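Please keep the sequence and the model in view while reading.

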Amino acid sequence: MNNGTNKLLKSLYSICKINIEVYLAFLNKLHPLTTEKHRGISFLEPLEAIFSQVYLLLNRLINHMINLYILGFKLICFKEVINMLSVGLSIVSLARFQFAMTTVFHFFFVPFSIGMGFLVAIMETIYAVKKDKDYLDMAKFWGKIFLLSFAVGIVTGIIQEFQFGMNWSEYSRFMGDVFGAPLAIEALLAFFIESVFIGIWMFTWDRFKPGVHALMIWITSIGTMLSAIWILAANSFMQHPTGFKINNVTGRVQLTDFGAVISNPQLWRAFPHVILAAFMTAAVVITGMSAYGLLRKKKNENIFFKKSLRFGLWASLIFAILSAGAGDLQTRQIINDQPMKFAATEGIYEDTKDPAPWTVVALINAKDHKTTNQVEIPGVLSIMSYHKLSGSVKGMNTINKELHAKYDKQFGKNMNYYVPPKTLFWSFRVMTGFDALIMLVSLVGLIFSRKKKDTIESHKWMLVVLGICIWVPFIANSAGWFITEFGRYPWIVYGLFTIAQAVSPTSTVATLLFSNIVYFLLFALLGGVMVWYSRQTLHHGPYYEEADSKQNVDPFAKEAFGK
Amino acid sequence: MTLSILWFLIIGLLFAIFLFMEGFDFGVGMSTRFLAKNDAERVAIMSTIGPHWDANETWLVTAGGAMFASLPLWYASLFSGYYILFLLVLVGLILRGVSFEFHKHAETNAGRNLWMWAFFVGSILPPFFLCMILLSMVQGIPMNANGDAFPKFFDVVNLLSVVGGVAGVLLSLVHGLNFIRLRVAGPLRDRARNLNKILYPILFLGEVVFAVLVFLQTDFFTKRFASSLIITALIVLFSLLGYYGVLKNREGWSFAGSGLSLSMVIVLLFNGLFPRVMIATNPAHSILIKNAANSQYTLTIMTIVACILVPIVVIYFIWSYSLFTKRINPRENTVKY
């Protein structure tokens with residue numbers, strides 16, 4: 001054997017050795033956590049070993065990714081989220097990642113479906129009243145997109161319901177008395193309405209009179225909104241618990257006042273914000289897809305897409321403004337309820353001056369608890385927070401001390417009450433910035449397409465911008481939920497129960513990683529296919545179905561007899 | 001005390017309704033391969049449940065929600081204990097749920113095939129694994145004092161649970177074929193009946209094996225001999241009713257028979273479980289209804305809500321079925337799916 005091969009073998013050996021050592025160290029690190037309330041690791045022991053290895057690799061990969069630079073800027077938000085996820089190692093972080101992934105994906109389709117249902121209902125009502133056939137075509141065409149999104153929304157919704165039991169069984173035990181009721185009522189009241197009436201609506205275009213048929217989509221749409229109320233009632237309790245006591249024997253939450261759960265102030269500020277943002281989401285998609293439709297310049301479709309465009313522009317302008325207003329209402333609730341969340345969205349560490357300046361952008365140093373390089377507008381934060389020209393806002397350092405004073409007895413001195421400030425700071429700017437962008441773009445679009453001087457088709461760039469804007473509300477929606485959910489850290493139920501306490505004791509790295517991978521692959525498939533079929537539907541245009549069904553009338557078509 | 005038992009019964013009822021309604025959905029999905037011979041027939045079969053499948057599935061979501069709202073400790077232990085199996089149920093439900101809409105939009109043969117297969121696979125996985133979960137659960141599994149279940153491989157995969165899973169799939173298929181006989185016209189209708197003529201004898205054999213295994217592997221017959229025996233007899237009896245309907249070509253009887261025998265399986269399991277909801281190998285760790293239940297206050301509210309909403313749901317649910325009674329004929333190719 002010559003020297004070269006020897007060297008190669010040696011280095012190979014050393015790589016293996018390092019790998020094994022790291023792996024063993026990793027398992028050691030893992031086991032104290034998993035063996036605490038021990039058991040014989042489920043029936044997936046072999047899988048466990050394989051997935052631990054995969055997890056290790058992923059961890060390394062993520063560590064490299066943390067240092068990613070894009071155009072010279074470090075991906076700051078990303079790093080913080082990753083760092084936070086790895087707090088408490090493996091099981092909690094994997095369960096959190098899964099919840100974030102499934103919820104964000106689910107919430108692409110939820111607001112879109114709620115909004116589409118509502119807008120399609122309006123279109124069909126206009127048809128039923130005015131008998132303008134264009135609006136029938138619009139209801140049918142946008143109805144197809146609605147159904148696609150609805151389908152993905154349903155199936156990803158079931159995951160949400162099962163997930164509380166699967167990954168967060170301790171949470172389910174702790175919160176069962178309060179949390180189960182809205183969920184069950186949501187199913188009984190909303191899901192049945194949605195599922196039954198959408199089934200009827202889909203298949204009765206030719207059977208019901210226009211008015212009656214429109215009623216079916218209205219009922220479906222109301223069902224989707226009822227569903228939003230109940231799930232937000234459940235979420236609002238997690239943000240701002242009301243109407244409960246802690247049972248002395250079991251140590252679990254016990255409902256004492258159902259009325260207080262439903263009339264939770266957090267709920268009635270979150271609901272308008274969510275629902276109006278949902279309408280805006282659908283309106284922006286209708287606008288954007290119509291803009292693409294106009295770009296194709298098919299003469300027979302021109303009127304259809306122009307009407308849809310105007311409809312979408314008006315709706316997105318109105319709902320963008322309204323949702324900003326609703327967001328303002330919610331913000332002012334949060335200042336009192338969850339001051340840490342609010343301070344983080346504004347990147348305030350030290351108490352502000354009076355009147356408080358608003359930081360447009362800044363660099364946040366989460367380690368040393370400092371904000372630098374602020375670009376500030378004096379006085380604006382006071383107006384935003386209190387609708388007054390004066391008043392200072394508490395900083396995170398002060399709030400941290402307050403929280404320690406309040407909760408140290410119950411949760412110990414080692415709790416970290418700082419929420420991830422960069423994530424919240426930038427999420428807030430993304431959300432509000434995109435909302436403002438939608439307002440601006442819709443306004444410009446309306447001006448270009450006004451009846452007296454309609455020049456929108458000659459402004460191709462405008463159509464392209466509108467088309468690109470399709471993606472904007474989805475990002476803004478997710479950013480909004482990032483603020484709400486990350487801002488509750490370290491609690492799963494504010495002030496009562498921490499995230500680390502809530503996770504299933506039965507969960508293992510193997511099962512969580514396995515399910516994460518399965519969900520990820522499924523979501524990639526569903527999301528991709530959904531977008532692809534929507535694009536295809538747009539490509540065919542609104543008059544495709546009729547031509548298609550004419551062909552199908554032929555009783556001797558190939559299909560009828562198979563091959 | 002009484003309210004928590006009432007909710008145990010309501011959950012049982014919801015699961016029973018779910019199996020009755022969704023059972024034929026699953027069977028219809030399986031029929032796309034076991035019964036249909038070409039794509040037109042597959043589409044016709046699929047469209048028999050087009051307007052209904054989502055509403056049927058809602059019974060499962062409601063059952064889960066009711067479990068969470070009334071007996072949360074059961075919900076927490078069951079779902080976290082059978083993690084992987086519930087994941088597989090979910091995968092099935094997801095594939096099935098999107099297949100209807102996606103199949104409609106697919107334009108290539110490959111695309112249509114993909115979603116049709118997703119429909120088929122998604123219709124087999126959930127009944128199989130749900131029955132497996134239930135039948136593994138009733139045999140007793142290792143649990144700790146906190147109620148966390150740690151079933152080992154052979155606690156989950158054993159003779160009874162596998163036979164139960166297969167029986168669930170088979171019953172769903174038979175039920176689905178009976179539904180198809182009600183909803184389609186032409187040769188498909190006759191072929192569904194002929195296939196059921198073959199399947200019923202196999203089903204009876206399966207039911208006998210199932211009953212023997214339940215007798216051997218669970219404590220149902222030692223704890224409640226009479227009621228367990230009666231319910232087991234009812235399962236067989238309803239299946240016989242279904243078989244009678246097949247032989248005499250009485251479609252309504254067949255459908256009711258197969259649906260009720262599916263529901264009776266749930267009745268058997270819930271009857272045997274009572275007053276427990278989870279059975280641990282160490283009896284001290286078994287979860288009882290009274291320990292799993294929510295506070296009296298919450299249960300009262302939920303009872304009021306259910307009393308108001310369920311009748312309304314049932315009314316429009318049935319009304320939606322009454323709208324779609326015209327038989328579907330794949331030959332006419334008017335199926336607008």
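## A hairpin in chain A

A:His369 is located in the loop that runs between E5 and E6 of chain A. The structure under discussion is a predicted model, and the values below were computed from it.

Strand E5 covers residues 358-365 of chain A and strand E6 covers residues 370-377 of chain A; the two pair in the antiparallel sense, over six bridges. Within this pairing, A:Ile364 has A:Thr371 of E6(A) as its bridge partner, and A:Asn365 stands opposite A:Lys370, also in E6(A). The hairpin formed by E5(A) and E6(A) has four residues between the strands, and A:His369 takes a positive phi there. The phi value of A:His369 is near 55°, which is positive in a residue other than glycine.

Is A:His369 exposed, partly exposed or buried? A residue counts as buried with 20 or more other C-beta atoms within 10 Å and as exposed with 12 or fewer. Because A:His369 has 15 C-beta neighbours inside 10 Å, it counts as partly exposed.

A:His387 has a positive phi of about 55°, although it is not a glycine. Its place is the loop between helix H12 (380-386) and helix H13 (396-411) of chain A. A:His387 is exposed, because 10 other C-beta atoms lie within 10 Å.

The table sets out the two cases.

| Peptide bond | Omega | Location of the proline |
|---|---|---|
| A:Tyr489 to A:Pro490, cis | near 0° | loop between helix H16 (472-486) and strand E7 (491-493) of chain A |
| B:Phe274 to B:Pro275, cis | about 0° | loop between helix H12 (251-273) and strand E1 (276-278) of chain B |

## The fold and domains of chain A

The view may now widen to chain A as a whole. Its secondary structure comes to 19 helices and eight strands. Chain A has 563 residues, of which 45% count as buried. Among contacts in chain A between residues at least 6 apart in sequence, 77% join residues that are at least 24 apart.

How is chain A divided into domains? The domain assignment gives domain 1, made of 90-337 + 420-542, and domain 2, made of 339-414. The centres of domain 1 and domain 2 of chain A, taken over C-alpha atoms, are separated by 30 Å. Where these domains touch, 11 residues come from domain 1 of chain A and 11 residues from domain 2 of chain A.

On the side of domain 1 of chain A that touches domain 2, helix H10 (302-337) and helix H14 (421-448) of chain A are the elements that give two or more residues. H14(A) provides the largest share of that side, with five residues. By class, this side of domain 1 of chain A has seven nonpolar, two polar and two charged residues.

## Chain B

Chain B has an average pLDDT of 91, and 98% of its residues score at least 70. An unreviewed UniProt entry lists several spans of chain B as "transmembrane region", among them residues 228-247 and 299-319. Residues 228-247 of chain B are 100% helix and 0% strand, and the end C-alpha atoms of the span lie 29 Å apart. For residues 299-319 of chain B, the end C-alpha atoms also lie 29 Å apart, and the span is 100% helix and 0% strand.

## Where the two chains meet

The predictor gives the complex an ipTM of 0.93 and a pTM of 0.87. Which chain contributes how many residues to the contact? Chain A gives 65 residues and chain B gives 68 residues.

On the side of chain A that touches chain B, at least two residues each are supplied by helix H5 (133-167), helix H6 (169-203), strand E4 (253-255) and helix H18 (509-540) of chain A. H6(A) makes the largest contribution to this side, 23 residues. The residues of the side of chain A that touches chain B divide into 37 nonpolar, 20 polar and eight charged.

Terms used:
Residues numbered from 1 in each chain as written. Chains lettered and ligands numbered in written order. Predicted model: local features only at pLDDT ≥ 70, side-chain atom pairs only at ≥ 80, totals over all residues. UniProt positions renumbered as here; feature names shortened; annotations may be inferred. Contact = placed C-beta atoms within 7 Å. Domains from an automatic or database assignment. Nonpolar A, V, L, I, M, F, W, Y, C, P; charged D, E, K, R; others polar. pLDDT = per-residue confidence, 0-100. Pairing = 2+ DSSP bridges.
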